[in-house]
Structure formats: structure tokens, C-alpha cells
Amino acid sequence: MYRFLLTPRWWGINVFAVLAIPLCIFMGSWQLSRFEDRVQSHQQQEDRSARAKAAAARPLERLLPVDTVTSGRQASARGRYDTAHQLLVPSRTLKDKHGERQGFYVLDLLRTDGGKALPVVRGWLPGDAGAKADTAKVPAPPKGEVTVTGALQASENQGTDGVQAGGGLPRGQLGMISAASLVNIVPYEIYDAWITQTDPQAPLHAVPPVAAEGSGLDLKAFQNLGYTGEWFVFAGFVVFMWFRLFRRDAEAAKDAALGIVPEGDGAGDDGGDGAGVSVVASASVSGGADRGDGRADGRGGGPAAGRGEGQGEAARAGQA
């Protein structure tokens, strides 16, 4: 009954199922492992951030380049602020005990003894970076040579929250904190990193450091979890479709073995034509019989028969 499994069609179905199911399971397991790695990396990053807050600051040069290990570490740099190039970073959200508030970063460039400049986010202020009433509250940077300490951060990119990479900002505003966006604003080299001050000058609020890219429970992490479910669903769908096709062909083979012909086949049409021919033939035979009876009656009881009977009676009367 299951000989249909040896047909070329079912060979193709079986090969597809044998290859697709393990592939879906492998891809789902791989996506799940990626999500677990991100969860573990997020926990490690939180532990490092907690230790970094309590650890002593290290010179900036010893922590570069910024990676998942050095991101968030306390770094120190010595130099002078470039008071001629103070910048405001608009549309930045600060989360604190009051909830989420909209405001802007105050960014200054620290000209270090090595010649390069380090972007320093001195703090956050609520309000609009384009409103004079809000920007008037920005305190001037310290003059002279200073030592700045803060959490080390990697340069931002287009995927960072709050970044305005499209340009079109007024003079004195910066959409993305990175060496690439500052290279055309100042005439000196910029470190490919920035720090956020731990103890900002009043009325500025401290900007908490963010986790390094790829080390937190961000959207990509939950995308991995979603892909995990999709691959396992695909594997289950392949199994479901295989059993559905198998059951359908098995029932058809069983019916054929019992001589059951499905409705709509050619036998039904032929039977209908035969029935119509039988009805026409019966009607023809009946009509012929009726016509034969009519002719017999005509010969026995027609006008000629009446005339014959009248002549016989007249002859018998003359003889009498």
C-alpha cells in the first residue's frame, strides 16, 4: 500500500524533508546560542561597570583602543579645554529618578599634552539646544590646565540612540560624538573615543556610560531570540506537511486497493452517456409499437372494413 513512497515525486519530498529539518534545528540552536552569548556578555559588562566605578582611573593611553573590556572604565587625561569650540549635542534623553527627560549634552574638547584632543561630555541639561534660554545655563569650561576623569566610551555611530547623522544642525551643534564628525570642525586630531565626566560642574547632570555595542540586551539580542523561534517553527511546519501529504496519498492508495473510484472520474461521465442512450432507445421502441398498433387497428376497423361488412349483409338479404 505504501509503494507510492518509491515514486520520483516522493523521493524528492523525502530528500527535502531529511535536509530541511536538521538545517532548521541547527539554525535555531545557533540563534539561541547567540542570544545566550549576548545575555552572558551583558552580565559581564554590568560586572565590569560596577568594578570600574570603584576602581581608580587609569591614563587614557593605556585604555585605548576602546573595546568591550575597556568600555566604561575610568580614564584620566590632562590638558586644556578649547573654549572656542564648545558644542551642544541635541535631543539626548537622560534616565534618572524623575524618569526620562529630554535635553542636550555639553561637549568640550580637551587638548591633551600629546597634541590630540579628547571629546569630553561635561554633562547634560534639560531643554532645547536651540533655545537661548536653555543654552544660557551652560557653564563655561574651566580655564588653564586641568585633569579630567570620566567613563571611557567608544565613538558613536548611526545606530546609536539619539544620534542625528543626517546633518542640517545649526552652528555649534553636533549630531554624533565621533572623530569622523569632528574632523571637519576643528583643525587638530581627535581621539577615536570620548569620556563622560563622573562629577560634572553644576547645574550639569552626569551622563551615565552606556554598554559597549554588542554587549548588551539590545534589539539585536531579541532578534536572535525571535529567529530562534522562527527556525523551530519552520522545522515543525516541514514535519506537518510531510505527514499531511503522506496521509493523503496513503488513503488514496487504500481506496484504489478496495476499488473505490473517487467522484469526478471518467467512469461517472460514461455511465451518464449510457443512461441517456438507453432512454432514447426505449422511447424509440415504444413509439414503434404504438405506430404498429395504429396500423393494425386501421386495417381491422378502418373504412374499407366497414364497406365490406355492408356488402355482405346486402347479398344475404337478396338471397332470402
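This is a predicted model: local features need pLDDT of at least 70, side-chain atom pairs count only at pLDDT 80 or more; totals for chains, interfaces and linings use all residues.
Residues are numbered from 1 along each chain as its sequence is written, and side-chain values use heavy atoms, with hydrogens and water left out.

Val15 belongs to helix α1, residues 8–54 (helices are DSSP runs of H or I with at least four residues, numbered from the N terminus). Together with Leu6, Trp11, Val18 and Leu19, Val15 makes a nonpolar surface patch of about 570 Å² (patch residues have over 30% relative accessible area and no salt bridge, and nonpolar side chains are joined within 5 Å).

## Aromatic pairs

The count comes to 10 aromatic pairs (ring centres within 6.5 Å; planes under 30 degrees apart are stacked, over 60 edge-to-face and the rest tilted, with the six-membered ring used for Trp). The rings of Phe35 and Phe222 have centres 6.3 Å apart and planes at 55 degrees, so this pair is tilted. Because Phe35 lies in helix α1 and Phe222 in helix α4 (residues 219–257), the pair ties together parts that are 187 residues apart in sequence. Phe35 is buried at 16% relative accessible area, whereas Phe222 is partly exposed at 46%.

One aromatic cluster is formed by Tyr2, Phe4, Trp10, Trp242, Phe243 and Phe246.

Technical notes
Patches are made of residues with over 30% relative accessible area and no salt bridge: like charges are joined within 9 Å, nonpolar side chains (Val, Leu, Ile, Met, Phe, Trp, Tyr) within 5 Å. Accessible areas come from the Shrake-Rupley method with a 1.4 Å probe; for residues, only the protein chains shown count as cover. A salt bridge is a side-chain nitrogen of Lys or Arg within 4 Å of a carboxyl oxygen of Asp or Glu. Helices (H or I, at least four residues) and strands (E, at least two) are DSSP runs, numbered from the N terminus. Buried means under 20% relative accessible area, exposed over 50%, partly exposed in between (1.4 Å probe, protein chains only).
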